[in-house]
Amino acid sequence: MNNKNEKKRRITGKSLMRWAGLFAILAGILYICIQFIHPEDHISSVSTSLWVVIACTTSIMSLFSLIGITGIYTRQAEEADWLGLIGFILFSLFWLISMNFSFNEAFVLPLLTTDAPKLVEGIVGIFGGTTSTVNLGIFPLLAPIAAILYSLGGLLFGIATFRARIFPRMAGALLSFAAVVTFAAAVIPHPFDRILAVPMGLALIWLGYALWADRRRISAD
């Protein structure tokens, strides 16, 4: 009986790991699609239905990304060693920040467009590089913190994935490239810099598919 229960737990864990791959695939697809339909970062967009839909979708995408990279890390945790753990933690923190920020964009900012338009303008313009005329509290710190977590976390996680040899090595290389290419946003005007998110979306899709399709190797462990 104990052996049977233990086998069920192992099967459940393996199944969850494979499902995490599906979440990574969906996250990558959503991440790419969002870039091409995201409304203008302006207060006039905040009260529109498209803004709410995209903000909600971004929050869901961030959650899916978090689940996906958790499965990817779990699959290669031993081989990825400390570098993978550090990269995973930093990268996960970025998606947590993104999820919470998008939630506020969807459910808080639309309620403030009339009573506090300057505040809304300032928050919406954070990632667009505009300067606010009002005190935004901790929000202006989110952009540089998120950028560091995204770039450094993605870079380290990609390197660890490349070295671990559990997933296709070029997928790990693409993840690292996708993380550091965002520095080009310094010379590409917003919103054209959104195109820089495409490599990350492709990396998530690639790694997610590799995890989802990895039935034989997971079953052999």
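Start by selecting Thr161, which sits in helix α7, residues 139-164. Helices here are DSSP runs of H or I with at least four residues, numbered from the N terminus. You are looking at a predicted model, in which local features need pLDDT of at least 70, side-chain atom pairs count only at pLDDT 80 or more, and totals for chains, interfaces and linings use all residues. Residues are numbered from 1 along each chain as its sequence is written, and side-chain values use heavy atoms, with hydrogens and water left out.

Is Thr161 buried or exposed? Thr161 is buried, because its relative accessible area is 0% (buried means under 20%, exposed over 50%, partly exposed in between, with a 1.4 Å probe and protein chains only). Now show its side chain: it reaches the backbone oxygen of Phe157 at 2.8 Å. Next, display Gln76, Phe167, Gly172 and Leu207, which Thr161 contacts once neighbours within four places in sequence are set aside (contact means heavy atoms within 4.5 Å).

Move on to Phe157. Leaving out residues up to four places away in sequence, Phe157 touches Ile69, Ile72, Tyr73, Gln76, Gly84, Gly87, Phe88, Phe91 and Leu175.

Now colour the core. The largest nonpolar core has 37 residues, and Phe91, Trp95, Phe157 and Met200 touch the most other members. A nonpolar core is a set of buried Ala, Val, Leu, Ile, Met, Phe, Trp, Tyr and Cys residues joined through side-chain atoms within 4.5 Å. At least two residues of this core come from each of α1 (2-37), α3 (49-75), α4 (77-107), α7, α8 (169-180) and α9 (198-212). Helix α3 gives the largest share, seven residues. Apart from this core lies another, of 11 residues, including Phe101, Leu109, Leu136 and Leu142.

Next, select α8 and α9. Their axes come within 8 Å and cross at roughly 155 degrees (axes are lines fitted to C-alpha atoms, for helices over the stretch in contact, and angles run from 0 to 180 degrees between N-to-C directions). Therefore α8 is roughly antiparallel to α9, a label for angles over 145 degrees. On the α8 side, the contact is made by Met170, Ala171, Leu174, Leu175, Phe177, Ala178 and Ala179; on the α9 side, by Pro199, Met200, Leu202, Ala203, Trp206 and Leu207.

Finish at Ile89 in helix α4. Ile89 counts as partly exposed, because its relative accessibility is 43%.

Key. A polar contact is a pair of N or O atoms within 3.5 Å; within protein, one must be able to donate a hydrogen and the other to accept it, and residues adjacent in sequence count only if both atoms are side-chain atoms. Angles under 35 degrees count as roughly parallel, over 145 as roughly antiparallel, 65 to 115 as roughly perpendicular and the rest as oblique.
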